[in-house]
Amino acid sequence: GGGCSNEIISGKLNTISGGSSNCIKSFSCNTSIVGGCANTASGDFQFIGAGECNYNNSTLSFIGAGECNTIETAACGNIIVGGRENCVGYIRSVVVGGRKNCVYGSEAFIGAGEGNNIGSATGPAASNWSAIVGGIYNEISGSSTGTQGNFIGAGTYNQVSGSYSGIIGGRLNKVKHNCSFIVGSHITSTANCTTFMNNACIEGT
């Protein structure tokens, strides 16, 4: 490899191609850091492309670039493409970019935005098979029995805590029920299997 002050502590078939102060920790195998600064990999079959202060501690996981992104120890098979301060803490999940977006769910997805969360590192069980496309400070929360199959398209400060439910966009919406949806803003669900909206205008020919 190249660069300066890079270190491969131990392991097999590991590579640091360039950059500075990058580290592949003990007992890693088949792991690569291409470049960047102060990136750390600790595990097998990992990849960090570039960026600064990224930390990949999960098997079969990928960090493309960005700054201070983290794939945690309990995770496996995850991807962070870029952005800043994003995190993944479960399995087979993706954060594309943005800032401070975190996924604690199985096979879950956050596209971009800021401060969006699926599940919680400190809360109840993860929220699985869910997606937040964008927006800021949107949340799909877990529960003691787990939630699943939820969707937030965009908007701000929206929350989903049921299962198989969604919010298209808007702001300050809350879905607390299963199989329910919100189209609009400042709406809270009151029943399962129901779509809520502020107003509807339907025109035909």
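My entries below go from the sheet to the disulfide, then to other cysteines and a loop asparagine.

**Entry 1: the sheet**

I'm working from a predicted model, so I keep that in mind throughout. I started with the strand order. I read off an open sheet of eleven strands, and the pairing is parallel. The order runs β1-β4-β7-β9-β11-β13-β15-β17-β20-β23-β25. Which strands sit at the edges? I noted β1 (7-8) and β25 (174-175), each of them pairing on one side only.

**Entry 2**

Strand β11 covers residues 70-71 and strand β13 covers residues 87-88, and two bridges join them in the parallel sense. Opposite isoleucine 71 I found valine 88 of β13. As a reminder to myself, strands of a sheet pair through backbone hydrogen bonds, either parallel or antiparallel.

**Entry 2: the disulfide**

How many disulfides does the model have? I count one disulfide. The partners are cysteine 87 and cysteine 102, with their sulfur atoms 2.0 Å apart. Where do the two partners lie? Cysteine 87 is in strand β13 and cysteine 102 is in strand β15 (residues 102-103), so the bond ties together parts that are 15 residues apart in sequence. I also checked the handedness: the torsion about the S-S bond of cysteine 87 and cysteine 102 is about 125 degrees, so I wrote it down as right-handed. Both cysteine 87 and cysteine 102 are buried.

**Entry 3: cysteines without a partner**

Next I looked at cysteine 4, which is in no disulfide. Its nearest cysteine sulfur belongs to cysteine 37 and is 8.4 Å away.

Cysteine 23 is in no disulfide either. For cysteine 23, the nearest cysteine sulfur is again that of cysteine 37, here 13 Å away. I have cysteine 23 down as buried because its relative accessibility is 14%, and the cut-off for buried is under 20%.

**Entry 4: a loop asparagine**

Last, I went to asparagine 39, in the loop between β6 (32-33) and β7 (40-41). Is asparagine 39 buried or exposed? It counts as buried, because its relative accessibility is 0%. Then I listed what asparagine 39 touches, leaving aside residues up to four places away in sequence. My list reads Ser21, Asn22, Cys23, Ile33, Ile48, Ala50, Gly51, Glu52, Cys53 and Asn54.

Definitions and conventions
Residues numbered from 1 in each chain as written. Predicted model: local features only at pLDDT ≥ 70, side-chain atom pairs only at ≥ 80, totals over all residues. Heavy atoms only, no water. Pairing = 2+ DSSP bridges. Helix = DSSP H or I, 4+ residues; strand = E, 2+ residues; numbered from the N terminus. Buried < 20%, exposed > 50% of the residue type's maximum accessible area, 1.4 Å probe, protein only. Contact = heavy atoms within 4.5 Å. Disulfide = S-S within 2.5 Å.
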